[in-house]
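Work through these exercises on cores and pockets. Keep the structure open beside you.

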Amino acid sequence: MNNLRIVFMGTPHFSVGILEAIQAAGLNLAGIVTVADKPAGRGQIMHESPVKQFALEHKIPVLQPVKLKDPEFLDQLAALNADVFVVVAFRMLPTEVWKMPKLGTFNLHASLLPDYRGAAPINWAIINGDSKTGVSTFFIDEAIDTGNVIGQTEMMISEDESAGELHDRMIETGGSLVVDTLNRIAANEVNPIPQSELGTNMRPAPKLFKENTQIDWNANPAAIHNLVRGLNPYPSAWTTWKNSKGELKNVKVFKTRITEQKGNGSIGLSSTKTRLFVDTNQKQLEILEFQVEGKKKMTSKEWLVGNNPSDWTIPLN
C-alpha cells in the first residue's frame, strides 16, 4: 500500500493534470507548492495559478514562496513531513529543498531523456520533425534535467500533430508515469539509471523567443510546416507581410498544409476563392489558420472574403 506523504510542486494546467492523476490513484497529497499570486490584466487583479486553484478546491495545504531559500518557507515545507517531492513544470530548486525528503525529489520531463533537456521539449520535438517522443521521471540533482532516470514512456507523434495536441496527450501519459513512479518508490522497487547509459541523443530544448520562432520562407516546406505546428498554439510561428500601403504587419501562423503543387520559384502569396498559399522555392504551402496583426485569428477562407493576396507581399528575412 502506497502511504507516502507527497508534496507536489508545479504551476500551469499541465501540472494540474498530473495532480488529478495522483489524487485519482488515492495517493496522499500532504501539500502543494506553487508560485505566489500575481497581478494580471488591465485591472491588475491578483491571479492564482491553476495549481493553487486545485489546492484550494480540494482543501490541500498550499505554500506560495517568493524565494525558495526563505527560512520561513523552508520551515513550513519541512513541517509537511513529506516522504517525497514531485515536481512538474515548476522552477529550479535549491539544494535545501530537493534534498529535504528522505526518499528524494523527482521531476516529470516531457521528453525521453537525455534528449531535449531544457524548457520547451514538446515544441522542439515537433519542430525537428520527430516521429517519437515521450515522458521521463528522474531524481533531481545539482544540474538541470541531468538526474538519474526512474521511468520512461514512449509516445508517437502523428504527422500533423500540434504542440498543443501533444501537450494534452502527455498529461494523461505523464500522470500514469508519475503514479507508477510513486508506487515503485513506495515499494522500494526503483533502479535509477544514469542518463549516460540511455543514449547519446542530446538535442537542446531552449526557451522560445521571437528570434527562434520566425518563419524562414527559404526553408524546406516540411521544415516550415513543422515549425508552425511545433509552435501552435503558443507562442506561434510568425512572419511579416507588407500591404499595398507599404505597411508591415506581423502575422502569426497557426496551421499549414504541404501541397503537391510546385511553387513558382519566388516567395509570395496566391489563392483560389477559398484557399490561401505561399509559393516557396519548392512546393506550395497552404495556410489554413493565421492572425494578422490587429485582427482576430481566422481561417484562410474567412480572410479571403475581404482581402486580396495580390495586395500583400512577403519581405524576406
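Start with a sorting rule: Ala, Val, Leu, Ile, Met, Phe, Trp, Tyr, Cys and Pro count as nonpolar, Asp, Glu, Lys and Arg as charged, and the others, Gly among them, as polar. Note that the model is predicted.

**Exercise 1.** Describe the second largest pocket and sort its lining.

Step 1. Take the space: this pocket holds about 220 Å³.
Step 2. Find the centre. Of 16 lining residues, Leu112, Asp115, Lys132, Asn201 and Arg203 lie nearest to it.
Step 3. Trace the elements. Strand 9 (132–139) and strand 10 (149–156) each give two or more residues to this lining. Strand 9 has the largest share, three residues.
Step 4. Apply the rule. The lining of the second largest pocket splits into five nonpolar, six polar and five charged residues.

**Exercise 2.** Which residues of the largest nonpolar core touch the most other members?

Step 1. The core has 66 residues; Leu182 and Trp241 touch the most other members.
Step 2. Helix 6 (residues 163–186) gives the most to this core, nine residues.
Step 3. Look for a separate core. A second one, of 21 residues, includes Met9, Leu68, Leu113 and Val149.

Conventions
Residues are numbered from 1 along each chain as its sequence is written. This is a predicted model: local features need pLDDT of at least 70, side-chain atom pairs count only at pLDDT 80 or more; totals for chains, interfaces and linings use all residues. Side-chain values use heavy atoms; hydrogens and water are left out. A nonpolar core is a set of buried Ala, Val, Leu, Ile, Met, Phe, Trp, Tyr and Cys residues joined through side-chain atoms within 4.5 Å. Buried means under 20% relative accessible area, exposed over 50%, partly exposed in between (1.4 Å probe, protein chains only). Helices (H or I, at least four residues) and strands (E, at least two) are DSSP runs, numbered from the N terminus. On a 1 Å grid over the protein atoms alone, a cavity is a set of points where a 1.4 Å probe fits but cannot get out, and a pocket is an open set with protein on both sides within 12 Å along at least five of seven lines; lining residues have an atom within 4 Å of a point. Grid points are joined across faces, edges and corners, and a volume is the space filled by probe spheres set on the points.
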